[in-house]
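Thanks for asking me to look this one over. Here is the model, with my notes below.

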Amino acid sequence: MDQNLQVVGTQSQLEMGTVAQNGSPHEFEEQSLFSLELGTQKMQPGHISEYGSAPGGFQPGVSKMWRNVVYKSIKTVIFSNKLNVLIPFGPLAILVHILTGHNGLVFLLSLLGIIPLAERLGYATEQLAVYTGPTIGGLLNATFGNATELIIAIYALRHGMIRVVQLSLLGSILSNMLLVLGCAFFCGGLVFYRKEQVFNKATATVNSGLLLMAVMGLLFPAVLHYTHTEVHYGKSELALSRFSSCIMLGVYAAYLFFQLKTQKDPYIPLSEEGSQNGENDNDDDETPEISKWESVFWLSIMTAWISILSEYLVDAIEGTSHTWNIPISFIGVILLPIVGNAAEHAGAIMFAMKDKLDISLGVAIGSSTQISMFGIPFCVVIGWIMGQPMDLNFKLFETATLFITVIVVAFFLQEGSSNYFKGLMLILCYVIVAASFFVHEDPPPEGKP
């Protein structure tokens with residue numbers, strides 16, 4: 001029966017190719033294979049007349065295939081996540097800006113609209129990393145893991161809002177180290193309340209060292225400024241910041257090489273710790289849900305859409321501060337990082353509840369390391385190129401807050417274990433930080449009353 005079907009299908013296609021006078025032997029071969037896959041559907045008279053009217057006899061099938069691919073991709077990326085119900089707030093923010101110009105409403109709607117885009121950006125990066133392997137995947141995560149914060153920072157830098165850039169990047173570090181890590185420890189501790197969850201102390205120690213180095217890079221320009229010991233007043237501080245930023249970028253590049261190449265094997269068992277404890281990790285194997293080029297396409301779409309909304313968000317910050325009577329420091333340190341860290345927050349909690357604290361630590365502390373050793377120095381260099389005097393002097397209050405936070409988190413990580421009480425303490429530390437910035441008034445620039 002199958003042989004007869006193949007003969008009939010091939011003969012019918014040869015006859016149609018003769019009528020069309022534009023088919024090659026390769027096309028006939030592809031058509032015969034295609035007809036075999038579809039079975040008896042191709043033998044219906046309606047399909048024969050349809051294929052006879054199409055150039056090459058294959059276009060309807062191709063177009064239908066492309067429609068299915070596009071439909072499946074949209075369904076997987078857009079409709080598979082409940083958080084995407086917030087996506088319409090993005091176009092609504094642009095509409096409100098055009099019609100009313102109400103800064104507070106535009107800021108709120110843009111904030112809500114960016115949250116699902118930031119999560120989908122992380123999703124597309126993870127899908128692409130499956131195809132590229134661990135080395136390139138690590139570089140992709142380093143580049144796009146904090147893309148939302150960097151896009152907002154670059155737009156603010158272009159508008160000369162240097163303090164907003166500094167505060168938003170600082171807030172991202174504080175949010176990841178206290179809120180994201182605290183929620184991961186707390187939720188994981190509640191699920192596994194009968195035991196202490198453990199993680200690799202070596203990785204945590206390396207990240208703690210990098211964070212302390214970042215604090216050192218921020219501390220010296222501030223101390224130099226407030227002790228009035230600059231050789232060239234107003235210039236030495238900026239020159240030191242740019243020099244230190246280049247050093248920090250070099251150290252971060254060396255850290256990536258160290259993590260992905262030199263110390264690759266010792267880090268592999270961290271993700272397999274659950275299987276050593278008797279867990280079945282077959283369900284957690286990384287199988288891509290979308291193709292490589294679909295990942296690149298959605299990565300481009302999400303990045304472009306975040307860029308558009310970030311411009312409206314940055315433009316509305318100062319007006320929102322006056323409308324809501326909220327300090328800009330609170331908006332920059334607390335509200336903006338919540339948007340960029342939405343994906344990290346959800347991911348860190350999910351992995352902690354699966355007893356995979358090494359991954360949670362990589363998400364929370366790793367993201368803080370990226371911002372402190374890559375994001376902040378990168379913005380200083382970009383500001384240098386733009387002609388903006390972006391420096392590492394984050395002022396005394398902000399630098400002291402970061403220093404104390406890094407010390408507290410380093411103490412929490414030194415034992416290599418966690419429980420829900422440690423998570424609760426980290427969350428409450430973040431509440432104290434948030435309250436401090438709510439009552440903190442950013443000092444006016446020098447030379448202004």
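Predicted model: local features only at pLDDT ≥ 70, side-chain atom pairs only at ≥ 80, totals over all residues.

1. Residues are numbered from 1 along each chain as its sequence is written, and side-chain values use heavy atoms, leaving out hydrogens and water.

2. The chain has 19 helices and 2 strands, taken as DSSP runs (helices H or I, at least four residues; strands E, at least two) numbered from the N terminus. Of its 449 residues, 47% are buried (under 20% relative accessible area; exposed is over 50%, partly exposed in between; 1.4 Å probe, protein chains only).

3. You will find 0 disulfides here, a disulfide being a pair of cysteine sulfur atoms within 2.5 Å. For Cys187, the closest cysteine sulfur belongs to Cys183 and is 6.0 Å away, too far for a bond. Cys187 is partly exposed at 21% relative accessible area, and Cys429 is partly exposed at 26%.

4. Do have a look at Ser372, which sits in helix α17 (residues 357–386). Ser372 counts as buried, because its relative accessibility is 3%. Its side chain reaches the backbone oxygen of Ser368 at 2.9 Å and the backbone oxygen of Thr369 at 3.2 Å.

5. Which residues does Ser372 contact, leaving aside neighbours within four places in sequence? They are Ile173, Leu211, Ala214, Met248 and Pro377, with contact meaning heavy atoms within 4.5 Å.

Conventions. Polar contact = N/O pair within 3.5 Å; in protein donor to acceptor, adjacent residues only side chain to side chain.
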